[in-house]
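Welcome! Let us look at a protein model together, one piece at a time.

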There are 2 protein chains.
Amino acid sequence: MSLGPGDPRLMTPQCLQAIQSCRAVAGYTGYIDMVPQELLAGKQVVATGMRGEVQRCEQAVELAASGVDTAVVCSGDAGVYAMAGLLLELLDARRMDDAVDFEVLPGIPAVCAAAALLGAPLTHDFACVSLSDLLTPWEVIERRLRLALQADFVLALYNPRSKRRTTQLEQTLAMAREHRPPDTPAGFVRNAFRPGQHVRLERLEDARADMADMLSIVVVGASSSRIAAGRMLTPRGYAGKYSLVLSTKDTPEKEK
Amino acid sequence: MSLGPGDPRLMTPQCLQAIQSCRAVAGYTGYIDMVPQELLAGKQVVATGMRGEVQRCEQAVELAASGVDTAVVCSGDAGVYAMAGLLLELLDARRMDDAVDFEVLPGIPAVCAAAALLGAPLTHDFACVSLSDLLTPWEVIERRLRLALQADFVLALYNPRSKRRTTQLEQTLAMAREHRPPDTPAGFVRNAFRPGQHVRLERLEDARADMADMLSIVVVGASSSRIAAGRMLTPRGYAGKYSLVLSTKDTPEKEK
C-alpha cells in the first residue's frame with residue numbers, strides 16, 4: 001500500500017483504513033515512521049533497513065499466508081519502483097497466490113509530488129527512468145535514456161544519485177544537453193512534501209549532478225518545456241490550437 | 001487540484017480541505033460531480049462540458065485575479081495531461097503570475113490507479129503517452145511510441161480511443177507486436193475506482209483496440225513483463241540478484 005510523499009495530508013483514507021484494519025505492518029523503517037503512529041498500536045511491526053526489502057517482503061508474505069492481515073507500506077505509490085512488484089514475484093515463485101489475497105492500494109507517486117512543486121512539467125508525454133544500476137545494468141539504462149531523449153519525452157529521473165553512484169546523473173545531464181536546447185528547464189526536488197523540502201529550477205546548461213541526492217527526483221524538460229510564470233511548464237498544445245497568447249485583453253489589469 | 005480516480009476514499013485531505021476553503025470551484029462537469037457535494041454548498045461553481053477547458057480555466061484565472069480563492073478540480077493528478085499546464089500557460093500569457101498565487105495539489109494519477117488494479121506493471125521504467133491527436137500530430141505520437149518500444153519501456157496509454165479516433169490504438173498495438181513477444185501482457189482498465197470499473201488482462205497477441213474506450217488506460221508490458229499470480233508484473237530484477245525463485249522452501253505449505 002501507498003503512503004504518498006509522506007505528508008499525512010496526502011495520505012488517502014483508503015490506505016489509512018487498511019493499516020487500521022491490519023494486524024501486521026511491514027516496511028522500510030523510514031516508511032514505518034511516516035505512518036501515523038497511533039495506527040500502529042497493538043500491531044506486529046516488521047521494519048527493516050535499506051536493502052532489507054526481500055527479507056521484509058518474505059516475512060509479510062509468510063504472515064499473510066498464515067492468516068495475519070498484513071499491510072506492506074511504501075512511500076509514493078506502491079506500484080512505482082516499489083514493493084508491489086516484489087510481493088507479486090514472491091507470491092508467484094512460492095505459488096502462494098491462492099493462499100494470499102493480494103491487493104495494491106495506489107498513492108501519489110514521487111514523480112507527481114515533485115511535478116506539483118515544480119509547476120506543470122508532466123502535462124505532456126513523459127518517461128520515468130531509475131538511474132540505479134543496482135538491479136539494472138547501466139548500459140541498459142543509458143540506451144533507454146538516449147531513446148527517451150530522442151523521443152522527446154519529459155524525463156523524470158528516480159534514484160538520480162547516491163553516495164556510491166555519482167556519475168550516472170552527470171552522464172544523463174550530458175546526454176540531455178546533446179538532445180535539448182540549453183535553456184530547457186531542469187527541476188530538482190528533494191524531500192517533496194516532507195521536512196527539508198527543497199525545490200530548484202535550473203536551465204539545463206546550468207544543471208549539475210550535485211544538485212540532486214538519493215532523496216531527489218530530477219525532471220528534465222522536453223523540447224517544448226519552458227519556464228512560465230516562474231515554474232516549469234510542458235504545454236499541452238492549447239496555445240497553438242486556441243491562440244491563448246492572443247487572448248490577453250485583460251493583461252493591462254496588472255499594470256494599473 | 002487533483003481528485004484522484006474518483007472514489008472519495010482516494011481523495012487526499014489536502015485537496016478536500018482546499019476545496020472547503022475556496023470560494024469558487026471550476027471544472028469539467030463530470031469532475032465537479034465527483035466532489036463531495038456538501039463541500040460545494042454556498043460556492044460559485046464554474047462547470048463546463050468537454051472541450052470547455054480553455055474557457056473554464058480563463059474564468060478561474062479571472063476569478064482568482066479578482067481576489068476570489070478558486071479551486072480548479074481535475075480527476076487523477078492535475079499535473080498529468082491535466083489543467084495545471086493550461087492554467088500556467090494562461091497566467092504566463094496574461095502576465096498574471098504576480099496577481100495570482102498558483103499552487104498545484106497532487107493526486108493519484110489514472111496510470112497508478114490502473115496499475116494497482118492490474119498488479120504491478122510499473123515497478124520498472126515506464127512511459128506515458130497520450131494517443132489523442134487533438135493537440136499533437138499523430139506522426140509525432142507514432143514516432144514517440146516506436147522509440148519507447150525500442151527503449152523497452154512499459155507503455156501506459158492515455159486517451160487510447162474515442163468515438164472519433166479508432167485507428168490509433170490499433171496501430172499502437174500493431175507496433176507493439178513488432179517489438180514485444182506475443183505473450184507480453186497488455187492490460188485494459190476502464191473506470192478505475194469508479195462505478196463500472198472493468199479490468200482485463202490479455203496477451204499482446206490477443207489484445208484488440210475495441211477492448212478500450214475513452215475512459216480506459218491501456219498498459220503494454222516491457223519485454224520483461226509477464227503474468228504472475230494472475231496479475232501483470234514487471235519485475236524490478238530482484239529474482240536475478242537475490243535468487244527469489246530458489247527461496248521457495250515454504251511452497252509445499254499450500255499443497256497440504
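Which residues in helix 6 of chain B meet which residues in helix 7 of chain B? On the helix 6 side they are B:W138, B:L145, B:R146, B:L149 and B:Q150, and on the helix 7 side B:Q168, B:T172, B:M175, B:A176 and B:H179.

## Before we go on

This is a predicted model: local features need pLDDT of at least 70, side-chain atom pairs count only at pLDDT 80 or more, and totals for chains, interfaces and linings use all residues. Residues are numbered from 1 along each chain as its sequence is written, while chains are lettered from A and ligands numbered from 1 in the order in which they are written.

Two residues are in contact if their C-beta atoms, placed from the backbone, lie within 7 Å. Helices (H or I, at least four residues) and strands (E, at least two) are DSSP runs, numbered from the N terminus.

## Helices 6 and 7

Back to our opening pair in chain B. The axes of helix 6 (residues 138–150) and helix 7 (residues 167–179) of chain B come within 10 Å and cross at roughly 25 degrees. Here axes are lines fitted to C-alpha atoms, for helices over the stretch in contact, and angles run from 0 to 180 degrees between N-to-C directions. Helix 6 and helix 7 of chain B are therefore roughly parallel to each other. (Angles under 35 degrees count as roughly parallel, over 145 as roughly antiparallel, 65 to 115 as roughly perpendicular and the rest as oblique.) Helix 6 of chain B passes helix 7 of chain B in a right-handed crossing; a crossing is right-handed if the near helix is turned clockwise from the far one by less than a right angle, and left-handed if anticlockwise.

By class, this contact in chain B has five nonpolar, four polar and one charged residues. For the classes, Ala, Val, Leu, Ile, Met, Phe, Trp, Tyr, Cys and Pro count as nonpolar, Asp, Glu, Lys and Arg as charged, and the others, Gly among them, as polar. In chain A, the axes of helix 6 (residues 138–150) and helix 7 (residues 167–179) come within 10 Å and cross at roughly 25 degrees. That makes helix 6 of chain A roughly parallel to helix 7 of chain A, and the crossing is right-handed.

At what angle do the axes of helix 3 and helix 4 of chain B cross? Helix 3 (residues 53–65) and helix 4 (residues 83–93) of chain B cross at roughly 60 degrees, with axes that come within 10 Å. Helix 3 and helix 4 of chain B are therefore oblique to each other, and their crossing is right-handed.

From helix 3 of chain B, B:E53, B:V54, B:C57, B:E58 and B:V61 take part, and they meet B:M83, B:L86, B:L87, B:L90 and B:L91 in helix 4 of chain B. The contact of these two helices in chain B has eight nonpolar, no polar and two charged residues.

## Two sheets in chain A

Two strands pair if DSSP finds at least two bridges between them. One open sheet of chain A has three strands in the order 2-1-3, with parallel pairing. Strand 2 (44–48) and strand 3 (70–72) of chain A stand at the edges with a single partner strand each, so one side of each is left without a neighbour in the sheet. Neighbouring strands of this sheet are turned by 15 degrees against each other on average, direction ignored. Strand 1 (residues 24–28) of chain A is joined to strand 2 of chain A by five bridges, and A:G27 has A:A47 as its bridge partner in strand 2 of chain A.

Another open sheet of three strands in chain A has the order 4-11-10 and mixed pairing. Its edge strands are strand 4 (119–120) and strand 10 (226–228) of chain A, each pairing on one side only. Three bridges join strand 10 of chain A to strand 11 (residues 231–233) of chain A in the antiparallel sense, and A:R226 stands opposite A:L233 in strand 11 of chain A.

A rotation of 180 degrees with 0.0 Å of shift along its axis superposes chain A on chain B (RMSD 0.0 Å). That is the relation of a two-fold axis. Copies are superposed by least squares on the C-alpha atoms of residues with pLDDT of at least 70 in both. In chain A, the C-alpha nearest the axis belongs to A:A127, 2.0 Å from it.

How many residues of chain A are in contact with chain B? There are 79, in contact with 79 residues of chain B. Helix 4 (residues 83–93) of chain A gives the largest share of the side of chain A that touches chain B, nine residues. Strand 5 (residues 126–130) of chain A and strand 5 (residues 126–130) of chain B pair in the antiparallel sense over three bridges, with A:F126 opposite B:C128.
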